[in-house]
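Reader: I have a model open and want to go through how its parts pack. Can we start with the terms for helix pairs?

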Amino acid sequence: MSVVGEKLQPTIFERSRPGRGGGKIPHPPKHALDRIPAAARRATPPALPEVNEPEVVRHYVNLSQLNYAIDTGFYPLGSCTMKFNPKLNEWAARLPGFASLHPLAPDEIAQGTLQLLWELEGILAEVSGMRAVTLQPAAGAQGELCGILMIRAYHRSRGDTERDEVLVPDSSHGTNPATATMAGFRTITIPSAADGGVDVDAFRAALGPRTAAVMITNPSTLGLFERRIGELLDAVHAAGALAYMDGANLNAILGRFKPGEAGFDVMHFNVHKTFSTPHGGGGPGAGPVGVGERLLPFLPAPRVLRQDDGSFRLERPGERPTSIGRLRSFVGNTGVLVRAYAYLRAHGGSGLRQVSDDAVLAANYLKSRVSAAYQIPYDRPCKHEFVASAAAIKKRTGVRTLDIAKRLIDYGYHPPTIYFPLIVEEGMLIEPTETESVETLDAFADALIAIAAEADSDPDVVRDAPHTAPVRRLDEAMAARQPNLRWRGMTGAETPCPD
Amino acid sequence: MPYGPHTADDRERMLAALGIDSVDELFADIPAPLRASRLDLPEPEPELELAARLEGLAARNRTDLASFLGAGVYRHWTPAAVDQLLLRGEWYTAYTPYQPEISQGTLQSIYEYESLIAELMDLDVVSASHYDGAAATAEAALMTCRATRRQRVLVSRAVHPHYSQTTQAYFGGGLEVEEIPVVADGPEAGTTDLAALERLLADSDRPVAGVVAGQPNFYGLLEPMAEIGRVAHAAGALFVAVVEPVSLAVLAPPGAYGADIAAGEGQPLGIAPQYGGPYLGLLASTDALVRQIPGRLVGMTTDLDGKRAFVMTMRAREQDIRRDKAASNICTNQALLALAASIYVSTLGPHGLRDVATLGAARAAELEAALAAVGVGRLHPGPYLNEFAIRVPRARNVHRRLLDRGVLAGLALADVEPDDAALQDALLVCATEVTTTAEIERFAAALDDILSGRPPIGTEAGAGTDDPRARERAARSTTPTGAPR
C-alpha cells in the first residue's frame, strides 16, 4: 500500500451545510461598516463552505492520508533531493519570537532574526566560495531570475549593451531557459557531448560578443560532475560573459567543490533541496543567491548589514543605487531560512561534507544494484543521482518507463523523476539522498529489478499500474480539454460526490 | 551526522560492493585545481544546544509590543486547527503532486484552494500559487503584456511600494512600468489620480497593456475601482486589482468591478508574519486569460475507472515543458501556504471571515477616534477599511520613542518612501480583530505624552521635551486639547 487512505473524499464544498461552524471570532458591532460607501461594499456574499471544526479536521486529515510523503516513505526523486525534514526545524520556525515578527519591524526589535540571517549569509558564502549572499529570492527559480538580472545590470554598467544571449546545455532544468526569457534574453541551447557532459567545444563556438551568460548545472542533471568545467569557465570569461551555476545539485559537492572558488560568478541555492526545508507539497522554498566580486554591487536590496557596534540593520531604500532592486516584498522567506539555518548548524562543516559523501556513496551503490536490470547510459561514478534507462525493456516488452514508475507505487515507493533530462531515452533520474538506509536502498533496487522481470512475465500488470493507489491513472487529456478549475456552487454539482 | 542512517559497517558494505576503498574515489572526477578548500564552519551542534541557540535568537526579537503595524502584513487570529493540520507530515513533507495517484490529498486541496479564492475574488481561474503579493502583482503585469502584445504597464503610486519595485525588477527585460500619481489634496487625496491616468492612457504611440491599482490601496484608502477599470478598458488595456483577501468578505470583489486579473498577498489568511515569509501570492483571472496565467493549475477529471479525481493541468504553460516559451519560470510555489489559507477560510466560514473584516473595521474606527481625541488626525479624508495614515510631526522620531513605551506605531511612511515630501510626517496604522481597546488606549496615551512633551513614566523628566508638537498645539487654540489626561 502506497498511502494510508483508501477512500477519496468529498470536497469541502460538499461538506457544507448552512448554519454550521462559528465560535471563532467575536461578533462585531452592527453598524461597523456603515461608514464604507455602498459602491465599495460587497453586494453578494462569497459562497464559502460552512463546516464545523471537527468536520474540517477530518476533511484535511483524511485528505492528507491520500498523499505520499517523506515521513511515510522513500522518494528516489532525481533533481529534487527529497531528504528527511528535521522536526527541530519545524519547532524553531514556530517560536513566537520568529513567527510573530512583522517584516517591517524596526531593526532594533528584530535583532535576533537579523543576526540569524546575517550568519546564514556567511555560512552559505563559505559553502559556495562566493563573496556574498542574498537571502531574498523566494525560490530557486526566482534566484535564477535574480542572478540573470544582476548579470544584465553588470553588462549594462560597463556600457556593454549588445549581449542578448544566454547559453544553456540541453540537459538543463526548464527554469534556466524560462528565466533567460523573463529577463529579456534569447536562449541558445547547446547539445551535450557524448559522455553526457557539456560540450566545451560547442560552447566555445557559440560564445561571442553577444553572450551575456552561460547557465550550468554542476553536477549536471545527469548526476555527472562536469570534468571540463575549468576550461569552460575560462572560455566564458575570455568572451566577456559571466557564468551562472544552477545550484540544484549542490547536495553532491558540499565540502568538495566550491563554485565561487572555481570561477562561477553567481549561483543559487535550493534550501528545500540541499538544506532540508520541507517541500510542502510544492512549496514554499527559498532561493538564496551567492555572487562573486563582479556582481556584488548589483545584489537585490535590502541587504542585512552588520554595524561597527555589532548590531544588525537592513539597508535603507535607495542606499545602494547599483542594486537591481527587489524581487519580492520584504526580506525573504525568513521562516524557511530559519529551518535552513538550524540544519546547517546541526551539521557544521564536517557534517555537511559527510552529507555529500553519503549521498554520493548511496547513489553509486544504488546504481550498481539497479544496473542488474536497467541500462546505465553514462557508466562512470555518478554524484548524488544517476540516470537509468528502460529503453531495452521497452524494445523487448513494450513496457515504458512511465509504466515502471507507476508500478513502483504498488511496491510502496514514490516513482523517480522520469523522462528528465530530455536527452536520455526512457530515462529515470534516481536520487537516494543521504538519509535513506542501506535496507531501504536494497529494497528499492529489489523492487525495480522485480518490475523489470514482470515486464517480461506479465507486462499488463505493469502497464495497468498502479493497482493499489486510491485512484488509477487519470484522464489528463480531458482535464486539459475541458478544464474544470474551480467548484461552482455548493449544490447541483455535475460530478457526483464520491461518498 | 545528525540525521544520517549509515553505520561504519553500512558504508564499508557499500564501498565493498563498488570495489573501492574510499569515497574519495567517487570524487576523483573533480579536477585537482578545482577541489574545495576546507569548509571553515563551526562544529556540528547537538539538538539540545542548537535548540537553546535558536530560542536565544528568537528571544532577541521583541514581539510583545502593542502593534498597529500592517502595511501589507496583518496580525489575525488563526484558529488552532490550522497549524495542527499543517504539521501533518503527509502535507508538509510531500513533494509537488506530479504523481497524481499518490497525491490526491494535495491535488484536491489545491483545487479547493482555487475554488475558495475564486469565490472571494469573483473570478474564474486561480493560479496555485505565487511567492507573495509582490511577485503575484509582477506576474499579473507581465500577463497583461503577453495578452495584449503591448509593452507598457501603469501602476498606481498607491500600490504597495514593494509591489511596484518588484514589478520594475521583473520588467528589467525591456518592458516599461510607469507610475500613475495620486491625488494631492481634496476629498480624493491619496487615491489614484483618474485624470492623470487618462492622460497617460491617451498616448497612442505607447499603448498600455495593463493598469494596476490596489483596493484598499497602500494608504488604506478605498479606490474608485470601477472607474479605473472603465478608463483602462476604454484604452484597450487590461485592469489588474491588487487586493487584500480578508477585506473581500465585505468589499466588492475584483470580478464585480470588472478587473481582468486580481493579485494580492494571501498572508492574512492564517499565515504568520515571520519576518517576510513564506507567504502566499494570490493570482486570479477571468476565463479569457486562462492560457496566460502562470503557475500551477489543478483541474477535476476522472481516472480510468471513471472515479472523480484531480490532476495538474494545462501544463503546456509551464517551464519544465515549454522551457524558453513558458508563461513564467515559476516552479516551486507556495502549496503549503495555499493549504493554510484553505483551512483558515474553511474553519472560519463565510460568517467568520466577514466578522474578521468587520471587527477590524470597527477597531480601526475606534483607533481613529482615540487618536483624534489626542489631537492626531488622518492624513487623507477618504473612506478606509481598517488601515489609515495619520499626520504626526517628526513621525520617525515619534515612532522610535513610542517603541520605548511598548507601542509599535505602524509604519513611518518615510521609511519606505523617503522621497515623497507629502509622507514625511505620516504614520500608517492599522487595526484588526486582534487589536484590543487597551492597546488602542495605550497608543493614544503614549502618543499624547510624547506630543505634549511628557516623559514616559519612570524616566527622567525632560527626556521628551524637544518635540515641536506641544508648542504647535499650544499656539493653535482651536486644536482639540481636551483629551482626558
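Author: Angles under 35 degrees count as roughly parallel, over 145 as roughly antiparallel, 65 to 115 as roughly perpendicular, and the rest as oblique. Note that this is a predicted model.

Reader: Fine. At what angle do helix 6 and helix 7 of chain B pack?

Author: Helix 6 (residues 133-148) of chain B and helix 7 (residues 161-170) of chain B pack at about 50°, and their axes are 8 Å apart. The two helices of chain B are therefore oblique to each other.

Reader: Left-handed or right-handed crossing?

Author: Helix 6 of chain B passes helix 7 of chain B in a right-handed crossing.

Reader: Which residues make the contact?

Author: From helix 6 of chain B, B:G133, B:A134, B:A135, B:T137, B:A138, B:A141 and B:L142. Helix 7 of chain B supplies B:H162, B:Y163, B:T166, B:T167 and B:Y170. By class, the contact has seven nonpolar, five polar and no charged residues.

Reader: Domains next. How is chain B divided?

Author: Into domain 1 (80-344) and domain 2 (349-475). Taken over C-alpha atoms, the centres of these domains of chain B are separated by 31 Å.

Reader: And how many residues are in contact between them?

Author: 16 residues of domain 1 of chain B are in contact with 19 residues of domain 2 of chain B. On the domain 1 side, eleven are nonpolar, four polar and one charged.

Reader: What about chain B against chain A?

Author: There, 166 residues of chain B are in contact with 178 residues of chain A. Helix 11 (residues 335-373) of chain B gives the largest share of the chain B side, 20 residues. That side divides into 90 nonpolar, 45 polar and 31 charged residues.

How values were computed. Residues numbered from 1 in each chain as written. Chains lettered and ligands numbered in written order. Predicted model: local features only at pLDDT ≥ 70, side-chain atom pairs only at ≥ 80, totals over all residues. Contact = placed C-beta atoms within 7 Å. Helix = DSSP H or I, 4+ residues; strand = E, 2+ residues; numbered from the N terminus. Nonpolar A, V, L, I, M, F, W, Y, C, P; charged D, E, K, R; others polar. Domains from an automatic or database assignment. Axes fitted to C-alpha atoms, helices over the stretch in contact; angles between N-to-C directions. Left-handed = near helix turned anticlockwise from the far one by under 90°.
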